[in-house]
Amino acid sequence: PYQYWDESSRLQWCSCGASRRRLLKIQKLFKQSDVPAKFRWKFQDDFSMQTPDGEPIPIAAEGRGYVSTLVDGDKEPRRGFVLFGSPGTGKTLLGCIMLNELILHRARAGMFLSLSRKFFQQLRDTYSQESERYGQTWQVLQELCDMPYLLLDDFGIQRGTEWEMEMLYELIDARY
């Protein structure tokens, strides 16, 4: 792929090859990111700076500015960023926008992880002999620790059992 025959019947590499390979890599990274479908292709321009009735949202400019800093800067992003607030205020949307922008512009892997259901269920499955991931608890944690960009959603929604708290601590401590 990405080759053509020139006028002298010589096989030449197309100048678009590098761009096409990068695009294929980014498409693969997006598929692997587990970003929920409703947030999958959301980017900076999709983040509203005002309410439906036209009132400006002061904190929105700050959030969007941080996304811009993450993406447009030359350096790798800082170690972490915490969004907190009441339900329905756009935290998940803004987090997904950050993750999508990082994957798109940096072409590095990222993952959306909902602590309310997927993470702990995935870990519980490693204790079930019927599961194909039986006995792989630490491999699951290691994969998440090695992920360049990890978005933890619904932090604090988990039941707070001792086991859940320990697993969450292990993940955060290992990433730190």
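Which residues of helix 5 (residues 137-146) are buried? They are T137, V140, L141, L144 and C145, where buried means under 20% relative accessible area, exposed over 50%, and partly exposed in between (1.4 Å probe, protein chains only). Those five cover an arc of only 135° around the axis, so they sit on the same side of helix 5; the arc is that of the directions from the helix axis to the C-beta atoms. An α-helix has 3.6 residues a turn, so residues three or four places apart point the same way. The cover over the buried residues of helix 5 includes strand 3 (110-114), helix 4 (118-125), strand 4 and helix 6.

A quick word on the ground rules. This is a predicted model, in which local features need pLDDT of at least 70 and side-chain atom pairs count only at pLDDT 80 or more, while totals for chains, interfaces and linings use all residues. Residues are numbered from 1 along each chain as its sequence is written, and side-chain values use heavy atoms, with hydrogens and water left out. Helices (H or I, at least four residues) and strands (E, at least two) are DSSP runs, numbered from the N terminus.

**The cores**

The largest nonpolar core has 23 residues, and V35, V67, L70, C96, M98, L99 and F112 touch the most other members. Such a core is a set of buried Ala, Val, Leu, Ile, Met, Phe, Trp, Tyr and Cys residues joined through side-chain atoms within 4.5 Å. At least two of its residues come from each of helix 1 (17-32), helix 2 (58-72), helix 3 (91-106) and strand 4 (149-153). Helix 3 supplies the largest share, seven residues. Apart from this core lies another, of 15 residues, with M111, F119, L123 and L150 among them. In soluble globular proteins, nonpolar side chains tend to be buried together.

Leaving out residues up to four places away in sequence, F112 touches S33, D34, V35, P36, T92, C96, L99, L151 and D153, with contact meaning heavy atoms within 4.5 Å.

T92 lies in helix 3 and is partly exposed, with a relative accessible area of 21%. Beyond its neighbours within four places in sequence, T92 is in contact with F39, F112 and D153. D153, in strand 4, counts as buried at 13% relative accessibility. Setting aside residues up to four places away, D153 touches T92, F112, L113, S114, L115 and S116.

Helix 3 also holds E101, a residue that is buried, with a relative accessible area of 4%. Outside the four places on either side in sequence, E101 is in contact with F43, Q44, V67, V71 and R106.

**The pockets**

Pockets come from a 1 Å grid over the protein atoms alone: a pocket is an open set of points with protein on both sides within 12 Å along at least five of seven lines, a 1.4 Å probe is used, and lining residues have an atom within 4 Å of a point. Grid points are joined across faces, edges and corners, and a volume is the space filled by probe spheres set on the points.

| Largest | about 1,400 Å³ | F81, V82, L150, L151 and L152 |

The largest pocket is lined by 35 residues. Helix 2, helix 3, strand 4 and helix 6 (162-175) each give two or more of them, and helix 3 gives the most, with six. By class, this lining has 21 nonpolar, seven polar and seven charged residues. Here Ala, Val, Leu, Ile, Met, Phe, Trp, Tyr, Cys and Pro count as nonpolar, Asp, Glu, Lys and Arg as charged, and the others, Gly among them, as polar.

Helix 2 and helix 3 are the elements that give two or more, and helix 2 provides the largest share, five residues. This lining divides into eleven nonpolar, six polar and two charged residues.

**Two loop residues with positive phi**

S9 has a phi near 60°, a positive value in a residue other than glycine. S9 lies in the loop between strand 1 (3-5) and strand 2 (11-13) and is exposed, with a relative accessible area of 57%. D34 is not a glycine either, yet has a positive phi of about 60°. D34 lies in the loop between helix 1 and helix 2 and is partly exposed, at a relative accessible area of 32%.
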